[in-house]
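Here's a quick briefing on a ligand site and the helix beside it. Have a look at the sequence and the model first, then read on.

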Amino acid sequence: MLKLHDVIKTYDGKSQVTALAGINLTIGAGEMVAIMGPSGSGKSTLLNLMGGLDVPTSGQVMVAGEDLARESEKGRSLFRRSKVSYIFQAYHLMPTLKVSQNVALPLHLAGVPAGEINRKVAQVLKEVGLEARSGHLPDELSGGERQRVAIARALVTGAPLLLADEPTGNLDTARGEEILNLLRTIHRERGTTIVMVTHDHHAASACDRLIKLRDGKVEGDSVQAGGGK
Ligand SMILES: Nc1ncnc2c1ncn2[C@@H]1O[C@H](COP(=O)(O)OP(=O)(O)OP(=O)(O)O)[C@@H](O)[C@H]1O
Ligand SMILES: [Mg+2]
C-alpha cells in the first residue's frame, strides 16, 4: 500500500529544518500501524507526505501504486479525493453544517448523486453509532462524538487508506478507548489500512505494528504480538 524510499523533507525558513532525514518504510495493505516519537520528530510531516498533502524534498513516496513525489498538484488532489482519508486531533468539522452534511461533504465534492449520498451517509453514521445525531450541529456533540463524525466522514468515500494524526489526543481515557475500538473494527471489517500518529502508549498498543521516529529517522519498527487486544 505504501512504500517510502530515501525520503527527505527539509523546510526552508530563516534556518533550514530537516524534518525527515532519510525514511525507508513499507506498509502493506490492511496493516494497522502506530507512529510514535518525540515532539518535532517528523510524525505529522510523514503523515502529510503519505496523504499527498505535501511533497518530499527528495525520495519516493509510493502510495497505492502512485509516486506522489512526482505527481502534479492536480494529480495529488485527485489521489486525496479517492485513495486516502484523514482524521485529526481537532476533528476539523464545519461548524455550520449538520452532522449528516459534514459527513456528506467529500461525496458532494466528488459529484456523487444525492440519493447515493443519503444512503451512504446513513450507513456510515450507523457504523459509528451516531444515526440519532445526524441532524445536530457539531457544537451540540461531545468530543468523542465529534471524532466519530470525523471518522464517518473519513469512511464515507471508501478510501483504502486512513491516516490519523493523534485521533485520541483531545479525549479522556474512556472516550479515547471508544475511538480506538471503532478504528479497530473498521480495520477488521473493511480491511482499511490505518496509519495513526499518537503520543499515547495505550493507543499505540491497539495497533499491530509500532514505528518509532526520532530526529526524522526511523529509530524502531516492531510487530506487536498483542496488537489489537
Ligand atoms: N511548515 C513548516 N515550516 C518549517 N518547519 C516546519 C514546518 N512544519 C514542521 N516543521 C518542523 O519540522 C520538524 C518536524 O515537525 P512535525 O510537525 O512533523 O513534528 P511532529 O513529530 O508531528 O511533532 P508533534 O508531536 O509536536 O506534533 C519540526 O522541527 C518542526 O518545527
Ligand atoms: Mg504532529
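A polar contact here is a pair of N or O atoms within 3.5 Å. With that cut-off in mind, Lys 43 makes one: a polar atom of its side chain sits 2.7 Å from an oxygen atom of ligand 1. Keep in mind that this is a predicted model.

- On its own, ligand 1 has 640 Å² of accessible area, and the protein covers 59% of that.

**The shell around ligand 1**
- The residues around the ligand include Tyr 11, Val 17, Ala 19 and Pro 38, the run of Ser 39, Gly 40, Ser 41 and Gly 42, and also His 199.
- Sorted by class, the shell has seven polar, four nonpolar and one charged residues.
- Helix 1 gives the largest share, three residues.
- Strand 2 (17–27) and helix 1 each put in at least two shell residues.

**Helix 1**
- Helix 1 spans residues 43–50, and six of its eight residues are buried, so the rest of the structure largely encloses it.
- Those buried residues are Lys 43, Thr 45, Leu 46, Leu 47, Leu 49 and Met 50.
- After the helix comes Gly 52, with a positive phi near 70°.

Methods
Residues numbered from 1 in each chain as written. Chains lettered and ligands numbered in written order. Predicted model: local features only at pLDDT ≥ 70, side-chain atom pairs only at ≥ 80, totals over all residues. Heavy atoms only, no water. Buried < 20%, exposed > 50% of the residue type's maximum accessible area, 1.4 Å probe, protein only. Helix = DSSP H or I, 4+ residues; strand = E, 2+ residues; numbered from the N terminus. Near = heavy atom within 4 Å. Polar contact = N/O pair within 3.5 Å; in protein donor to acceptor, adjacent residues only side chain to side chain. Areas by Shrake-Rupley, 256 points an atom, 1.4 Å probe, with all protein chains shown as cover. Nonpolar A, V, L, I, M, F, W, Y, C, P; charged D, E, K, R; others polar.
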